[in-house]
Amino acid sequence: MAPERIVRADESAIGSTVTRDVKDDKGAVVCFAGDILNASLLLDLKRAGISSVYVERQVGADGERSVDDLLVELDRRFARVEANPVMRVLKEVIAERTREEARGGP
Amino acid sequence: MADREEQVGGSQREDIRGRIEEIEDLPTLPGVTAALSEIVAERGSTSRDIAELVSKDPALSAKFLKLVNAPFYGFPERIASVQNAVLLVGSHVVKAVASSTEVYGAPGEAALGLWDHSLGVALASRLLAVRLDVMDADEVMVAGLLHDLGKVVLYALSGEQAEETYRLAAEGNMLTSEAERQVLGVDHAEIGGWSAQCWNFPAALREPISYHHEPALSKRSGLKTAIVHLADVLVHAVGFGDGGNGLVPPVDEAAWNSLGLTEDDLREIAERVDDELSATATSLYRSA
Amino acid sequence: MEETVRTILIINDEPEEVAGLRAPLEKAGYAVHEAHSGDRALERVYAEPPSLVVLDLMMKGKTGADICAELKGDNVYGHLPVILSVPEKALGQRINWETLKVDDYLVLPCSEKELLLRTTLCFSRASRDLDANPLTGLPGNVTIIREIERRISGGSHFALAYLDIDHFKSFNDRYGFARGDEVLRMTARILVNVLRGLEEEGAYVGHVGGDDFIFIMSPDNCTEICEQIIGNFDQIVPTFYDEEDRARGSILSTDRRGNRVVFPLMTISIGLVDSRNAEIAHYGEASYRASQLKSYAKTIAGSVYVKDRRK
């Protein structure tokens with residue numbers, strides 16, 4: 001599970017990795033999960049009338065989020081429910097997956 | 001109802017409640033209505049095709065369920081399935097509704113995240129319902145899709161106020177319910193409950209909408225409410241389509257116990273939910 | 001349905017005429033809405049049905065006649081009273097009341113008094129429409145017979161179907177008449193929507209009474225129509241049962257002697273007659289044959305349609 005965020009499909013997104021397939025309203029895929037956005041893909045998106053996409057949180061070479069950053073984020077999100085044993089199990093599952101992703105997939 | 005903070009005074013609550021009855025339209029995201037109009041116009045398309053599209057959109061689903069459960073049709077509080085709603089209103093009505101539903105010109109991030117989150121909880125609810133061998137897995141899926149109906153309604157009543165509230169939640173590291181109570185004096189579960197009641201939704205939908213944060217309060221649809229509650233927690237946990245700060249709400253102990261799942265089950269389900277949601281294509285976001 | 005304030009929808013694209021109608025109606029205590037185009041008007045009617053519609057004959061785009069046809073062709077929305085407003089200059093036009101199925105008409109401009117009288121008359125007449133089934137809004141016996149005879153004498157081919165709901169009585173006994181009525185209204189809606197969807201013109205649905213319905217369509221579509229009706233009914237009807245009965249797929253009951261009786265979930269039986277298969281001289285023959293076929297269909301478990309054979 002790549003932590004992701006939604007961004008406007010414009011020049012500022014160049015270099016980002018798309019995390020989910022983007023389809024136009026006829027169901028044709030405009031770009032696939034895993035594609036790295038470049039000017040040409042952005043133009044395709046614009047033509048299909050699509051204005052936002054989900055991309056990985058790391059943006060290009062600088063500002064890459066390390067596994068530690070992601071795990072700290074995870075801590076923050078679960079901070080208020082840590083006392084709950086069921087929630088702890090859930091958090092563990094996600095932490096494991098985050099580490100696996102960073103290592104290059106399960 | 002459990003204790004509710006009423007810092008902002010009863011009048012704002014009553015104002016919101018009153019305005020629900022006057023809602024004429026529930027706008028949706030751009031792209032959806034165009035897609036729907038296209039499907040309706042196609043000669044070969046069936047009501048299943050129409051229902052397939054509608055059941056991914058919380059605003060459209062709510063709209064059709066509201067229509068078909070109106071006393072005017074003759075069987076209020078009976079229909080909880082989008083498929084059946086589409087069959088019973090008929091394609092001529094679907095066509096009229098499709099061409100007239102309004103669209104948010106430039107939806108903010110929180111709105112986009114809400115639509116995705118709703119779809120995520122729909123899918124997770126269905127997964128759980130099938131796993132637990134519940135009879136109406138499709139109805140549970142609709143309940144999951146509509147669990148945050150209160151937020152959809154809030155956007156319809158005042159998009160600006162909605163975005164402001166969710167910004168506050170993100171900045172203040174609060175759950176959205178907390179920010180809502182602070183700004184509006186009422187939270188989305190209650191707003192959703194009022195709406196579901198006003199629109200004559202069956203209990204199987206009304207209760208998960210009203211009680212997805214406090215499942216112990218459900219009376220008639222305890223199991224479905226517990227499922228939607230857990231699905232909501234799971235989808236927040238994996239971080240699908242939040243558009244907010246992603247704080248994960250706690251799972252209710254009684255609800256968890258009532259489902260009879262083990263920790264191993266939880267691991268397996270969480271992984272499946274994550275897999276399935278990662279594979280889900282993003283909604284159609286068209287430029288205005 | 002409780003109605004404290006009656007709403008009136010004015011469908012008219014001439015602002016002066018709308019204003020002329022709105023003022024007296026509001027003064028009389030009605031809540032008045034307006035729509036300036038056919039599409040907008042239909043959407044409003046479907047989503048928030050008014051108590052009465054004042055529809056202008058001279059609309060640009062979708063005409064008053066089109067709008068009327070679409071409304072009146074629907075069993076739920078069709079019983080909304082419609083007053084046709086006709087501008088004086090259009091009176092010379094030939095108006096065919098057979099196709100323009102409005103409830104009354106008004107010549108514009110008209111006096112306040114006349115407008116209000118027509119409106120109250122319309123409301124009172126709506127409740128007096130004797131032949132329509134009060135539950136489903138579908139035409140009843142008298143109208144049905146007339147329609148069948150019209151088709152026979154017109155010489156065009158048609159298919160006639162008789163439908164009833166199996167195990168309806170046991171459902172009523174178990175759940176009461178109110179819920180039974182819900183099932184009837186749901187069934188009526190399914191029939192209307194399937195026929196409307198598959199048969200563009202010439203479809204006809206009637207409600208004879210109780211759980212007996214009839215419908216008329218062109219012979220080419222009849223099998224598809226029956227299959228869709230059956231599919232939709234079977235899909236939706238379990239929703240009207242409580243959970244345990246739905247899970248079990250049956251209602252448990254005891255008869256007078258105390259024996260356990262099991263009633264399956266409701267299904268439908270359809271008897272279908274194609275006018276091409278035999279000479280049909282009048283309504284009685286068609287009705288008799290369809291009825292026989294339906295009785296046979298009832299002997300077969302599940303939702304079934306039985307069609308007559310070529311002689």
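Within chain B of this predicted model, 17 residues of domain 1 are in contact with 16 residues of domain 2. On the domain 1 side of this contact, helix H4 (residues 58–68) of chain B supplies the largest share, six residues. By class, the residues on that side of domain 1 of chain B comprise nine nonpolar, four polar and four charged. The two domains follow from the domain assignment of chain B, which places domain 1 at 32–100 and domain 2 at 109–278. Taken over C-alpha atoms, the centres of domain 1 and domain 2 of chain B are separated by 23 Å.

Chain B also takes part in contacts with other chains. Its contact with chain A involves 30 residues from chain B and 26 residues from chain A. On the chain B side, two or more residues come from each of helix H2 (32–41), helix H7 (109–131), helix H14 (222–238) and helix H16 (263–278) of chain B. Of these, H16(B) gives the most, with seven residues. The side of chain B that touches chain A contains 15 nonpolar, nine polar and six charged residues.

A further contact joins chain C to chain B, with 26 residues of chain C in contact with 21 residues of chain B. Here the elements of chain C that give two or more residues are helix H2 (38–47), helix H7 (177–198), helix H8 (222–236) and helix H9 (243–248). The most comes from H7(C), which gives eight residues to the side of chain C that touches chain B. That side of chain C divides into 11 nonpolar, five polar and 10 charged residues.

How values were computed: Residues are numbered from 1 along each chain as its sequence is written. Chains are lettered from A and ligands numbered from 1 in the order in which they are written. This is a predicted model: local features need pLDDT of at least 70, side-chain atom pairs count only at pLDDT 80 or more; totals for chains, interfaces and linings use all residues. Domain bounds come from an automatic or database domain assignment. Two residues are in contact if their C-beta atoms, placed from the backbone, lie within 7 Å. Helices (H or I, at least four residues) and strands (E, at least two) are DSSP runs, numbered from the N terminus. Ala, Val, Leu, Ile, Met, Phe, Trp, Tyr, Cys and Pro count as nonpolar, Asp, Glu, Lys and Arg as charged, and the others, Gly among them, as polar.
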